[in-house]
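Biologist: I'm new to this one. Can you put it up and walk me through it?

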There are 2 protein chains.
Amino acid sequence: MQLLSGLRVVEGSAFVAAPLGGLTLAQLGADVIRFDTIGGGLDYRRWPITEDGVSLYWAGLNKGKRSVAIDLSRPEGRELATALITAPDDDAGVFLSNFPASGWLADDRLRARRPDLVYLNIVGNPDESTAVDYTVNAASGIATATGPVGSLFPVNHALPAWDMATGLNAVIGILAAERRRRITGEGQLVKLSLADVAFTMVANLGFLAQAQVTHANRPPLGNDMYGAFGRDFATRDGRRVMIVAISLNQWHTLVRATGIEEHLPAMERAFDADFTKEEDRYRGRDAIAALLTPWFEARSLDEVRKALDEHGVCWGPYQTFTQLLDDDWRASAENPVFGEVDHPGIGSLLTPASPLRFPTEPPVAPAPAPLLGMHTDEVLQEVLGLSPIEVARMHDDGLVASAVPSS
Amino acid sequence: MQLLSGLRVVEGSAFVAAPLGGLTLAQLGADVIRFDTIGGGLDYRRWPITEDGVSLYWAGLNKGKRSVAIDLSRPEGRELATALITAPDDDAGVFLSNFPASGWLADDRLRARRPDLVYLNIVGNPDESTAVDYTVNAASGIATATGPVGSLFPVNHALPAWDMATGLNAVIGILAAERRRRITGEGQLVKLSLADVAFTMVANLGFLAQAQVTHANRPPLGNDMYGAFGRDFATRDGRRVMIVAISLNQWHTLVRATGIEEHLPAMERAFDADFTKEEDRYRGRDAIAALLTPWFEARSLDEVRKALDEHGVCWGPYQTFTQLLDDDWRASAENPVFGEVDHPGIGSLLTPASPLRFPTEPPVAPAPAPLLGMHTDEVLQEVLGLSPIEVARMHDDGLVASAVPSS
């Protein structure tokens, strides 16, 4: 099932958010054409890289797209890119970009060429000043609620969560605006800032309301869950597991699996608590953890797994990335959203398709990343109707480039 | 601009991912009808709560929706909810849920009533076993790459990032499937698991490829950025700031603003590095930080701000949630995506609209959260065409309920 078959999106981008948006659309079957300047944009060599210097980061975020390389420093190159963005096909005319929407990429310049353009422009701050995932996260409050209990220092998470949310929101903006265009015929300029994504989200998730109502901040809780019972435990063989009991059913299964039931009434009296209540499990979490710790310390991860799974406990092991690859079927070719795919210039990688699944349809095969400029000729001929001779002249002139091994 | 005006979505949900999906659709103008059992579902009293016990969490994730309360333990109640889900209006027939898609919510049962239903069902694992944000995050590898350098323990982040990404992906699935229905007339069952969202994302972001290619894991880096220069620094007045120099331009502005230029050539010779290269800034980050630390220690946050902003450095202060509310215009009513809004049962809260902005249109006002059951009567009359007398009988029968102050 390729839900977005037929939709064409042109992407002018770098780094995470905008490329992730294009990737998400490509994984749903859209024809996503990313243009870059010859030799690659700012993100073309970002780490992690292979021994040959090929960026695994770039490959990861540009899978399934068509790549066009154009000399954007020349007016003729910018005209070519403009023609791609504003090509008249009914299912085209969608532009996703985090480049400044000024000069040749100003909305009015592009809209003069295609009035019904859907233009999704990603910026840092709402006033268009610079911000990146790291600076927005620092300001969001999240880093001050992450880390060990009593921590005096903010802790950054390794996941570029705001880039991720911005890329996904960009896809939502594009699909919503394209829906409206389909109904009314009208295009739209849509602006999306990293800062707005982050701060509206911490508001949606209750962090800001809590601060506003209580005039206090949620402190860092180590690996504990807020508002219910959730904590990590060490196993006998040096692994760690995350245990969660949010719902009453989850609590009962945990109690049964670990056999702590007989000690609970005394514990509840001592702490004036009723552990069948979510909030009392949160307030009494240290007491509950004290009961559970010996159970985990006495068992290997395999023994823990067997006992908890038997009772349907909500839990999971902590894993490194290599453990995730080696030990977890959910990140393996056994899971139909993954496949081993050969990426030109890199080799075989476990490669994901869209996480959106269609149980009644065959799964969509994961796509590899293109080489930079791999589709220059086919796109210029197919989308702009140029002849092979015209494209060959542009090559001779150095205006466009095709794929070269990217090392 | 209400891009999704006219689209109606019925939501049967609890916790974060599915409600966030419905919220995102409502903030774009869709008519989102959330049904709950009378008295509220599993997430109705989740922390944080007000002094009166009203959940700020529930309010945050259900803003702008219509709330219907039905006794779902009775067959007549489940029939009412089924009628809402499968109502025949052209712009309706979209169901977003993280309830088990079995029994009365099985796809074939619902599809028999409305063959072109768009049904987005969120599950934990791809095999539909239980998983939550915390257990998926533990397994994703991210927690082992978060925290101080040399940390032996995984560190959870406070942001429910995978719930967030799953909710946003659910919206993408709905909009893509509704687009296809608009073109082909066909509906679709779409499954989305938290685990697939998390593990495809760590693959898209290059973490898995790095592990697969190098057989090594990215270690926790404290608050440093991976692959370029980014680190936090303490100011003279006890604040902390995050400084980022990914691009060459960002590096040059940082060097100029802090006056470290004269010391760089010696430093580059000592470390055999060229700091105009991203990767050399990463490899030499401790040396660069050593040069910068005294500059930050000698200045207050205000002095740092003035100097860095003057040069256009990419940076941001760390803030708690209360500092974000008190000191940052981006999370205030000065920013058009926020407004102070009165929420029934809670009071006034700084409340966000969608982060998607339309520069040529007036901003959309943020919406408050409903009381549970606030729209029961209007929805049953408007969507199902019931008469006021029929709805009154259902109230007498205890089958439905209207809003009561939720304390």
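Modeller: One term to start: contact means heavy atoms within 4.5 Å. This is a predicted model, where local features need pLDDT of at least 70, side-chain atom pairs count only at pLDDT 80 or more, and totals for chains, interfaces and linings use all residues. Residues are numbered from 1 along each chain as its sequence is written, chains are lettered from A in the order in which they are written, and side-chain values use heavy atoms, without hydrogens and water.

Biologist: Which residues of α5(A) meet α7(A)?

Modeller: From α5(A), D133(A), V136(A), A139(A) and S140(A) meet L194(A), A195(A), A198(A), F199(A) and V202(A) of α7(A). By type, the residues of this contact are 7 nonpolar, 1 polar and 1 charged. Nonpolar covers Ala, Val, Leu, Ile, Met, Phe, Trp, Tyr, Cys and Pro; charged covers Asp, Glu, Lys and Arg; the others, Gly among them, are polar.

Biologist: At what angle do α5 and α7 of chain A pack?

Modeller: About 30°, with the axes of α5 (residues 133-140) and α7 (residues 194-204) of chain A 10 Å apart. Axes are lines fitted to C-alpha atoms, for helices over the stretch in contact, and angles run from 0 to 180 degrees between N-to-C directions. Helices are DSSP runs (H or I, at least four residues), as are strands (E, at least two), numbered from the N terminus. So α5(A) and α7(A) are roughly parallel (angles under 35 degrees).

Biologist: New topic. Where is P48(A)?

Modeller: P48(A) is in the loop between β2 (31-37) and α2 (56-61) of chain A. The W47(A) to P48(A) peptide bond is cis, with omega near 0°. In chain B, the bond from W47(B) to P48(B) is cis too.

Biologist: And H215(A), buried or exposed?

Modeller: Exposed, at 67% relative accessibility. Exposed means over 50% relative accessible area, buried under 20%, partly exposed in between (1.4 Å probe, protein chains only). Phi of H215(A) is near 55°, positive in a residue other than glycine. D272(A) has a positive phi of about 50° and is not a glycine either. D272(A) is exposed at 73%.

Biologist: How much area do chain A and chain B bury between them?

Modeller: About 12300 Å², 70% of it on carbon and sulfur atoms. Buried area is the accessible area (1.4 Å probe) that two parts lose on being put together, summed over both. W47(A), R179(A) and F321(A) supply 8% of what chain A buries against chain B, more than any other three residues.

Biologist: How many residues does each chain put into the contact?

Modeller: Chain A gives 139 residues and chain B gives 139 residues.

Technical notes:
Parallel < 35°, antiparallel > 145°, perpendicular 65-115°, else oblique.
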